Amino acid sequence: SEDIVAGIPPEVVLIAGDAVGAMVFLPDGSLAVGTWGSSVEIFPAAAVFEGGVAAVTLAVAGEAFGYVVSLAVVGDWLCVGTGARTVQAYRLSTLPQNLSPAHSWSIGEVPHSLASRGLSLVVGAGHSVRIIDVVNGDHHAAGMPASVGAIARVGGGLAVGSGRQVFLFGSLSGEATDVLEIG
């Protein structure tokens, strides 16, 4: 119940610089927090479990529409989806020395959901799913019947939430292997 939840204090409270829009754990145990203040704040593992402040802050390009809506880790890349309809990729191994994105891709729609698949980034934006190779930038898109609201890895495949349906793909190069009706 609400009373039970309200009666349990959090073990740690991390304070971000603005409203939180997305979060993802990094391979080293750090927590990346994307904010609506056009930034990604990275809290080291010690801060996550003991309290503390962000060790690295990335200023996300995009001016007033740079608010962070999605985050994903693809290999050595932290991928950031923004309200400026872009996805930016930061090289984790070069932080904190290099705070600039190594890549930036214009998506054309707000990338509300991101997921990793090998060294590819899966982007849900508008009525499509896009696959971007983070190393060479190659990408292709698959149309969906409604706006894509969420993407998740399921084993070696993907689940794509589009409208009131969830499409299960073994790979996005073929047809959906199953379609779940929600509601």
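Predicted model: local features only at pLDDT ≥ 70, side-chain atom pairs only at ≥ 80, totals over all residues.
Colleague: What makes β1 and β2 paired strands?

Modeller: Two strands pair if there are at least two bridges between them. Strand β1, residues 20-25, and strand β2, residues 31-35, have five bridges, in the antiparallel sense, so they meet that definition. One spot to look at is A22, which sits opposite G34 in β2.

Colleague: And what lies between β1 and β2 in the hairpin?

Modeller: Five residues separate them. Have a look at G29 in the turn, too: its phi is positive, about 95°.

Colleague: What is the strand order in the open sheet?

Modeller: The four strands run β1-β2-β3-β4, with antiparallel pairing.

Colleague: Why are β1 and β4 said to stand at the edges?

Modeller: Each of them has a single partner strand, so one side of each has no neighbour in the sheet. As for the twist, it averages 20° from one strand to the next.

Colleague: Which residues touch the most other members of the largest nonpolar core?

Modeller: That core has 17 residues, and the ones touching the most other members are L26, A32, V40, I42, L71, L78 and V80. Two or more residues come from each of β1, β3 (39-43), β4 (56-59), β5 (68-74) and β6 (77-82). β5 gives the largest share, with three residues.

Colleague: What is A32 in contact with, leaving aside its neighbours within four places in sequence?

Modeller: Contact takes heavy atoms within 4.5 Å. On that basis A32 reaches A22, M23, V24, L26, V40, E41, I42, L71 and L78.

Colleague: Which residues does the second core include?

Modeller: W77, A89, I132 and V134 are among its 14 residues, and this core is separate.

Colleague: Why is S128 called buried?

Modeller: The cut-off for buried is under 20% relative accessible area. S128 comes out at 11%, so it counts as buried.

Colleague: Where does S128 lie, and what is it in contact with?

Modeller: S128 belongs to strand β11, residues 128-133. If you leave aside neighbours within four places in sequence, its contacts are V123, A142, G143, M144 and V148.

Notes: Residues numbered from 1 in each chain as written. Heavy atoms only, no water. Core = buried A, V, L, I, M, F, W, Y, C linked by side-chain atoms within 4.5 Å. Buried < 20%, exposed > 50% of the residue type's maximum accessible area, 1.4 Å probe, protein only. Axes fitted to C-alpha atoms, helices over the stretch in contact; angles between N-to-C directions.
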